[in-house]
Amino acid sequence: MSEDKNKPAEPAPASGDSPTAELSKAFFKSDKIEDPNQVRKLMLEAAERVSNAVIWIAGQKEHIKTRIPHEIGRDQIVHFSIPSLIPASFEIEPLQELLKTQQLEFMIRIYLPGAAILGVKSKLLAATEEGYQFEMPKTAIYMQRRKHRRFTIPGAYEMSVDVPHPKSPRMMLSKKLIDVSVEGISFLITKSEEVFFKPGRMLPNLEIQIRGRGLKVGAEVKNIRDFKGPGGASGVQVGAKIFQISEKDADYLTAFVEEMLIQYSRSDHTDARFKKEK
């Protein structure tokens, strides 16, 4: 499978013992879970939603983005799917050879429903064509978002939102996305379109485009202001509050924003700014 050229670089996971350690204090309240039954319950919840996950070894630069398939083994084994693109250190045959002589403990960050993250350490039991198999962790760090955060799109990274044409609702206009969160977005319009996006206007059929997936939302225009961004982009910025989004799309959008905040918080992208939701 060919790699999506529009997909941003994967975030380098935090090193050390705590997944997302660099952001946990700022963005999350954390609790250590030492009850194995509670940990298993959360893992089952994640599997039920086929949750996204990031797996790596502490101190290792390479990592993979994967998912917990629907079923978790009754024999206390957690199954993760094999992604289409695998770094060399995650290829099946090398891992099988390593497992013959040593135990491999991986760090795993799992995105749970409702803006929460589960951080665990677990031993790899097997690597096969059917997926990676890990030992059910006994303890975990549960991180719940303190507040929704907004990700401002870096100037070099293009994202868009499809907006119904003000005069022909069946026609969709693709507009540059300026920032996004699970509670609101802002996008760029031309000066001549400003008259159609006054505060209070309802936008019930927007579609946010993220990695080839369209997230359908309903939003209300809250403010408009002149905009001049990096790279010469200028026009009018429309800020809108999301009032309708499916639970599945909200989970996906939350995970995307978290991933991008982690990635750009440790990069040199000076135009990646973080703004609190108002």
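Analyst: Helices and strands here are DSSP runs, numbered from the N terminus. Keep in mind that this is a predicted model.

User: Where does Glu-129 lie?

Analyst: Strand 6 covers 116-128 and strand 7 covers 131-135. Glu-129 sits in the loop between strand 6 and strand 7.

User: Is Glu-129 buried or exposed?

Analyst: The cut-off for exposed is over 50% relative accessible area. Glu-129 has 71% relative accessibility, so the residue counts as exposed.

User: Which residues gather with Glu-129 in a patch of negative charge?

Analyst: Glu counts as negative. The patch is on the surface, and Glu-129 is one of its members.

User: How many aromatic pairs does the structure hold?

Analyst: Rings pair if their centres lie within 6.5 Å. By that rule, the number of aromatic pairs in the structure is five.

User: What kind of aromatic pair do Phe-80 and Phe-134 form?

Analyst: The centres are 5.6 Å apart, and the planes make 90 degrees. Planes over 60 degrees apart count as edge-to-face. The pair of Phe-80 and Phe-134 is therefore edge-to-face.

User: How many residues apart are Phe-80 and Phe-134?

Analyst: Phe-80 is in strand 4 (residues 77-80), and Phe-134 is in strand 7. The pair links distant parts of the chain, 54 residues apart.

User: Are Phe-80 and Phe-134 buried or exposed?

Analyst: Buried means under 20% relative accessible area. Phe-80 has 1% relative accessibility. Phe-134 has a relative accessible area of 2%. Both Phe-80 and Phe-134 therefore count as buried.

User: What kind of pair do the rings of Phe-90 and Phe-106 make?

Analyst: Their centres are 5.8 Å apart. Their planes are at 50 degrees, so the pair is tilted.

User: Which parts does the pair of Phe-90 and Phe-106 tie together?

Analyst: The two residues are 16 apart in sequence. Phe-90 lies in the loop between strand 4 and helix 3 (92-99). Phe-106 lies in strand 5 (residues 105-112). The pair therefore ties that loop to strand 5.

User: What separates the C-alpha atoms of Ala-116 and Gln-144?

Analyst: Ala-116 is in strand 6. Ala-116 is buried, with a relative accessible area of 1%. Gln-144 is 28 residues from Ala-116 along the chain, and their C-alpha atoms are separated by 4.5 Å.

Terms used:
Residues numbered from 1 in each chain as written. Predicted model: local features only at pLDDT ≥ 70, side-chain atom pairs only at ≥ 80, totals over all residues. Heavy atoms only, no water. Patch = residues over 30% accessible without salt bridge, like charges linked within 9 Å, V, L, I, M, F, W, Y side chains within 5 Å. Areas by Shrake-Rupley, 256 points an atom, 1.4 Å probe, with all protein chains shown as cover. Salt bridge = Lys/Arg side-chain N within 4 Å of Asp/Glu carboxyl O. Charge placed at Lys NZ, Arg CZ, Asp CG, Glu CD. Helix = DSSP H or I, 4+ residues; strand = E, 2+ residues; numbered from the N terminus. Buried < 20%, exposed > 50% of the residue type's maximum accessible area, 1.4 Å probe, protein only. Phe/Tyr/Trp six-rings, centres within 6.5 Å; stacked < 30°, edge-to-face > 60°.
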